[in-house]
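This briefing is intended for a reader new to the structure shown below.

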Amino acid sequence: MAAPLTLTVNGETRRSSAPTIAALVRELDLTPEKVAVERNGEIVPRSTLADTALADGDVLEIVHFVGGGDHAAGSDDTWTVAGRTFRSRLIVGTGKYKDFAQNAAALEASGAEIVTVAVRRVNVSDPKAPMLTDFIDPKKVTYLPNTAGCFTAEEAIRTLRLAREAGGWDLVKLEVLGEARTLYPDMRETLRATETLASEGFLPMVYCVDDPIAAKQLEDAGAVAVMPLGAPIGSGLGIQNRVTIRLIVEGASVPVLVDAGVGTASDAAVAMELGCDGVLMNTAIAEAKDPIRMARAMKLAVEAGRGAYLSGRMAIRKYADPSSPLAGLI
């Protein structure tokens, strides 16, 4: 019998007699169809896991998706991104909920058809721990893998390559952060990552600053949607600069979705009244005292804001204009 190999799996040293990566995955009591594997910095296609022999000193990363409906039946007010059409204009995240069950219930209440998911290491010490895919079926809801927590273009590109191997998704959400305090995007790194991902066949929806010039540069680089922040991630401050969001909407030929900063339903309505194609949120729902009710409120707010935008608001006047006619006044 061959001597056990010394491997590094998800940052931890392990001894294993598994001859192949597939055998190691099974030894860890994991399901190969639910994970992606990187060996010594190179992604191993799932179709070759059984044929890829392990060697002493190999460094492996095994990842899966973690938390990072009632659709509007009959609605013809749809939106399209990268050739894919959706009814709901609300995208929700999958982080900060108390558990996956609450996350799934909030998703159902929101009516969202797209959820963002983070790519994280599998917990090899507890392979039976619940996975997001056990509660939210990626065959029924569109998973949008994101690069939350990435601070360089290289980190983001590596993460999304693993995501594509794990689930086959090419529609992805790109964010490359500049610093941990504000979580503002680093636009130089974001633009570089967008160009690379687009050249590799990805369809990146890109988190960006609320700058119409930067948004247009991302579109030219291959972004299939631009996602300007309304305020810092998780702040709940609401949309701080309506003028620039509106300018981005007017200048874009791809969908525009407000991403980050929404705190309550009125913020979502404002984003839609500005002409945005949609809104992405996570903390506003997950950290509400009643996440399920807030998810339902956000659904209604997005629909109301969209309806107001399509209706065309009244003109703003400097002086009063009576609602009741003055003719025939007694």
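A search of the whole structure, which is a predicted model, finds 15 salt bridges, a salt bridge being a side-chain nitrogen of Lys or Arg within 4 Å of a carboxyl oxygen of Asp or Glu. Local features need pLDDT of at least 70, side-chain atom pairs count only at pLDDT 80 or more, and totals for chains, interfaces and linings use all residues. Residues are numbered from 1 along each chain as its sequence is written, and side-chain values use heavy atoms, with hydrogens and water left out.

**Salt bridges**

- Side chains of opposite charge can pair when their charged atoms come close.
- Arg-39 and Asp-58 meet through their side chains in a salt bridge, with 2.8 Å from N to O.
- This pair links distant parts of the chain, 19 residues apart: Arg-39 belongs to strand E3, and Asp-58 to the loop between E4 and E5. Strands (E, at least two residues) and helices (H or I, at least four) are DSSP runs, numbered from the N terminus.

**Domains and their contact**

- The domain assignment, automatic or from a database, gives domain 1 (5-64) and domain 2 (79-121 + 129-311).
- The contact (heavy atoms within 4.5 Å) takes 16 residues from domain 1 and 13 residues from domain 2.
- The centres of the two domains, taken over C-alpha atoms, are separated by 31 Å.
- About 1,300 Å² is buried between domain 1 and domain 2, and carbon and sulfur atoms give 56% of that area. Buried area is the accessible area (1.4 Å probe) that two parts lose on being put together, summed over both.
- Lys-34, Ile-43 and His-64 supply 42% of the area that domain 1 buries against domain 2, more than any other three residues.
- Across this interface the rule finds one salt bridge.
- On the side of domain 1 that touches domain 2, strands E3 (36-39), E4 (42-44) and E5 (59-66) are the elements that give two or more residues. The largest share, four residues, comes from E5.

**Aromatic pairs**

- The count comes to three aromatic pairs, meaning rings of Phe, Tyr and Trp (its six-membered ring) with centres within 6.5 Å.
- The ring centres of Phe-100 and Phe-135 are 5.7 Å apart and the planes lie at 45°, so the pair is tilted. Planes under 30 degrees apart count as stacked, over 60 as edge-to-face and the rest as tilted.
- Phe-100 lies in helix H2 (residues 100-110), and Phe-135, 35 residues apart from it, in the loop between strand E9 (114-121) and strand E10 (142-146).
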